[in-house]
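Dear colleague,

I am passing on the structure below, and after it you will find notes on what was found. Please read them with the coordinates open beside you.

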Amino acid sequence: MTTFCDRCGEQAAEGDHTACASARELEPPRFCPQCRRRMKVQVVPTGWTATCVEHGTRSS
Amino acid sequence: MSEILDRARAQVLSTGRGLDEASILEVLQTPDEDLPELLQLAHDVRMKWCGPEVEVEGIVSLKTGGCPEDCHFCSQSGLFASPVRSIWLDIPSLVEAARQTAATGATEFCIVAAVRGPDKRLMDQMREGVKAIKAAVDIQVAASLGMLTQEQVDELVEMGVHRYNHNLETCESFFPNVVTTHTWDERWGTLKMVRDSGMEVCCGGILGLGETIEQRAEFAAQLAELDPHEVPMNFLNPRPGTPLGDQPVVEGKDALRAIAAFRLAMPKTILRYAGGREITLGDLGTRDGLLGGINAVIVGNYLTTLGRPATDDLALLEDLKMPVKALSATL
């Protein structure tokens with residue numbers, strides 16, 4: 001379920017997130033798309049992991 | 001060819017002596033129509049004084065976010081409303097990152113922490129991490145942990161850290177516009193201690209912070225005075241929530257002029273592509289820079305943002321017939 005933009009944390013269905021989607025090509029997610037909590041994100045040379053305290057870990 | 005390029009060819013290419021600040025400024029003002037000749041000259045200088053090899057490096061953040069400093073470009077400062085949260089990398093993951101970096105052919109692995117300077121916890125983590133990497137991976141270990149005390153410099157040498165990164169970030173005259181929680185001189189002091197310790201000095205900065213062309217020339221001249229082994233060239237990637245979050249990205253041609261100018265200021269240094277090149281230069285510009293003075297790259301991701309896949313850069317180097325520097329050549 002994607003409710004929030006994982007780059008800016010705003011409602012995904014509101015406003016224009018085209019710039020966020022473009023930026024995300026060179027950025028990991030920062031906000032949980034389910035609850036908009038800021039995630040703990042670890043970037044390594046070959047990938048990333050992003051952890052929401054409520055909704056678990058996603059990775060590249 | 002313009003008069004400045006004639007002079008640069010006679011001085012830098014022939015003698016290996018870098019340009020002074022006034023001449024660097026002239027290079028930075030090279031008109032568009034002369035840019036191809038400027039890049040060719042910078043490439044010729046690089047090939048003559050450094051050779052065709054390219055040094056490949058990976059970097060990783062050991063401690064991310066929560067930094068007490070206010071570097072206005074940085075998403076890891078705890079003083080700004082950045083979405084980056086604090087997190088530590090565990091030792092097994094650090095070793096795995098080093099292993100994956102080495103698998104790309106990289107000879108350098110730089111461990112970075114977002115701190116003013118290391119505390120005991122960070123130094124202990126470094127000691128354990130460097131030891132574990134050296135036991136498991138054939139790669140040179142570098143570090144970037146902010147400002148150091150003499151005791152910490154000595155500890156890093158004893159651990160086997162062979163190169164230390166501490167960027168001046170920008171020229172002395174513009175630094176107070178970018179950082180207010182410490183001074184340019186404090187950074188210079190750490191660099192002097194690192195130099196005196198025998199560790200290799202890695203020192204560069206970020207272009208596009210709002211500095212003038214004159215200040216860009218000032219910065220190149222100050223770096224040349226420091227004479228570091230390596231100069232990482234970053235281009236600002238404006239980060240949301242930072243004071244420079246709305247700063248415009250450096251124009252591609254200006255970035256290429258800067259690369260060439262820095263090469264002509266420092267003909268023998270390792271001049272490395274670092275963060276921001278993807279958005280400033282794109283694929284074509286990345287190639288142009290490698291043919292305009294660059295002789296080292298950070299491959300893969302950066303500390304909080306993502307880079308081109310390492311395979312893309314390695315394929316480009318193969319296409320350009322630029323061999324990756326072997327580990328044996330760095331020992």
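**An exposed lysine and other backbone points**

B:Lys321 is exposed, having 7 other C-beta atoms within 10 Å. Before going further, please keep in mind that this is a predicted model. B:Lys321 belongs to the loop between helix 11 (310-319) and helix 12 (327-330) of chain B, and its phi is positive, at about 55°, although the residue is not a glycine. Most residues other than glycine have a negative phi, which is the reason for pointing this one out. In chain A there is a further case, A:Arg36, a residue other than glycine whose phi is positive and near 65°. The loop that holds A:Arg36 runs between helix 1 (18-23) and strand 1 (40-44) of chain A, and A:Arg36 counts as partly exposed because it has 18 C-beta neighbours inside 10 Å, where 20 or more would be needed for a buried residue.

**The contact between the chains**

The contact draws on 14 residues from chain A and 19 residues from chain B. On the side of chain A that touches chain B, the residues divide by class into seven nonpolar, three polar and four charged.

**Annotated positions in chain B**

An unreviewed UniProt entry lists B:Cys67, B:Cys71 and B:Cys74 under "binding site", and such annotations may be inferred rather than shown by experiment. B:Cys67 is placed in the loop between strand 1 (55-64) and strand 2 (87-88) of chain B, and B:Cys74 lies in the loop between strand 1 and strand 2 of chain B as well. Are these two cysteines buried or exposed? B:Cys67 counts as buried, with 23 C-beta neighbours inside 10 Å, and B:Cys74 counts as buried with 25. Not counting residues up to four places away in sequence, B:Cys67 touches B:Cys74, B:Gln76, B:Ser77, B:Gly78, B:Ala114 and B:Val115, while B:Cys74, with its neighbours within four places in sequence left aside, is in contact with B:Cys67 and B:Thr242.

The unreviewed UniProt entry also lists residues 52-277 of chain B as "domain: Radical SAM core". Over that stretch the chain is 37% helix and 19% strand, and its end C-alpha atoms are 21 Å apart.

**Helices of chain B**

Helix 9 of chain B covers residues 252-265, and its 14 residues, at 1.5 Å a residue, should span 20 Å, which agrees with the 20 Å between its end C-alpha atoms. Eleven of those 14 residues are buried, so helix 9 of chain B is largely enclosed by the rest of the structure. Among the buried residues are B:Arg257 and B:Arg263, together with B:Leu256, B:Ile259, B:Phe262 and B:Leu264.

Helix 1 (residues 3-15) and helix 3 (residues 35-49) of chain B pack at an angle of about 5°, and their axes are 10 Å apart. That angle makes helix 1 of chain B roughly parallel to helix 3 of chain B, since angles under 35 degrees count as roughly parallel. From helix 1 of chain B, the residues B:Leu5, B:Ala8, B:Arg9, B:Val12 and B:Leu13 meet B:Glu37, B:Leu38, B:Leu41, B:Asp44, B:Val45 and B:Lys48 in helix 3 of chain B. By class, the residues of this contact are seven nonpolar, no polar and four charged.

With kind regards

Terms used
Residues are numbered from 1 along each chain as its sequence is written. Chains are lettered from A and ligands numbered from 1 in the order in which they are written. This is a predicted model: local features need pLDDT of at least 70, side-chain atom pairs count only at pLDDT 80 or more; totals for chains, interfaces and linings use all residues. Two residues are in contact if their C-beta atoms, placed from the backbone, lie within 7 Å. Ala, Val, Leu, Ile, Met, Phe, Trp, Tyr, Cys and Pro count as nonpolar, Asp, Glu, Lys and Arg as charged, and the others, Gly among them, as polar. Helices (H or I, at least four residues) and strands (E, at least two) are DSSP runs, numbered from the N terminus. The expected span of a helix is 1.5 Å times one less than its number of residues. A residue is buried if 20 or more other C-beta atoms lie within 10 Å of its own, exposed if 12 or fewer, and partly exposed in between; C-beta atoms are placed from the backbone. Axes are lines fitted to C-alpha atoms, for helices over the stretch in contact, and angles run from 0 to 180 degrees between N-to-C directions. Angles under 35 degrees count as roughly parallel, over 145 as roughly antiparallel, 65 to 115 as roughly perpendicular and the rest as oblique.
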